[in-house]
Amino acid sequence: MDTMSSGTILFRNTMRIADGHLDGFRRAIAQAVAFAQEHGPQLMVEVFIDEERMLAHSFQLYRDSDAIRTHWRLSDPYIREVMEHCTVERFEVFGEPDHDIIAALKTPGGESFPFTISPRLAGFNRLAESGLE
């Protein structure tokens, strides 16, 4: 457990669900998460939904930038399916991804969406201790 340095990167994606697309969004997210659980490199994926405000929040924890690249390569069809039902309202990156990851933070159509990057200050995780790593 290292309290001073870590290559882990956490994504927080806030998505606005399109009117009339709630059921489609739910199906697409369920398929994407199931695929990631079976084949993806993420250490953790959690998705929360606020139906009243038609917002969803996705959290994904990666070991490093290579894991993000692997996820994008494997999951592109699932990401595209999800994006048919929503738009990215805000994308937050916690950690220090490679420059090419930062450059690639674009929607599937190529247009940019708003994102912020917050470098890590300190912390720890217990994923290895709990058998999740």
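The legends below describe close-up views of one predicted model.

Residues are numbered from 1 along each chain as its sequence is written. Because the model is predicted, local features need pLDDT of at least 70, side-chain atom pairs count only at pLDDT 80 or more, and totals for chains, interfaces and linings use all residues, while side-chain values use heavy atoms, with hydrogens and water left out.

**View 1. Confidence along the chain.** The mean pLDDT of the chain (the predictor's confidence in each residue, from 0 to 100) is 89, and 86% of the residues score at least 70. Confidence is highest in strand β3, at 98, and lowest in helix α3 (residues 99-103), at a mean of 90. Helices (H or I, at least four residues) and strands (E, at least two) are DSSP runs, numbered from the N terminus.

**View 2. The open sheet of five strands.** The strands follow the order β2-β3-β1-β4-β5 with mixed pairing, where two strands pair if DSSP finds at least two bridges between them. At the edges stand β2 (44-50) and β5 (115-118), each of which pairs on one side only. Neighbouring strands are turned by 15° against each other on average, direction ignored; axes are lines fitted to C-alpha atoms, for helices over the stretch in contact, and angles run from 0 to 180 degrees between N-to-C directions.

**View 3. Strand β1 and its two partners.** Strand β1 (residues 9-17) runs antiparallel to β3 (residues 55-62), to which eight bridges join it, and F11 stands opposite Q60 in β3. Eight bridges also join β1 to β4 (residues 86-94), again in an antiparallel arrangement, with T14 standing opposite R90 in β4.

**View 4. The pairing of β4 with β5.** These two strands run parallel and are joined by four bridges. Here F94 stands opposite S118 in β5.

**View 5. Helix α1 against helix α2.** The axes of α1 (residues 22-39) and α2 (residues 65-83) come within 8 Å and cross at roughly 165°. That crossing angle makes α1 roughly antiparallel to α2 (angles under 35 degrees count as roughly parallel, over 145 as roughly antiparallel, 65 to 115 as roughly perpendicular and the rest as oblique). In the contact (heavy atoms within 4.5 Å), residues of α1 including F25, I29 and F35 meet residues of α2, among them L74, Y78 and V82.

**View 6. The two helices on the sheet.** Helix α1 lies across β1, β2, β3 and β4, running at about 170° to β2. Helix α2 lies across β1, β3 and β4, and runs at about 10° to β1.
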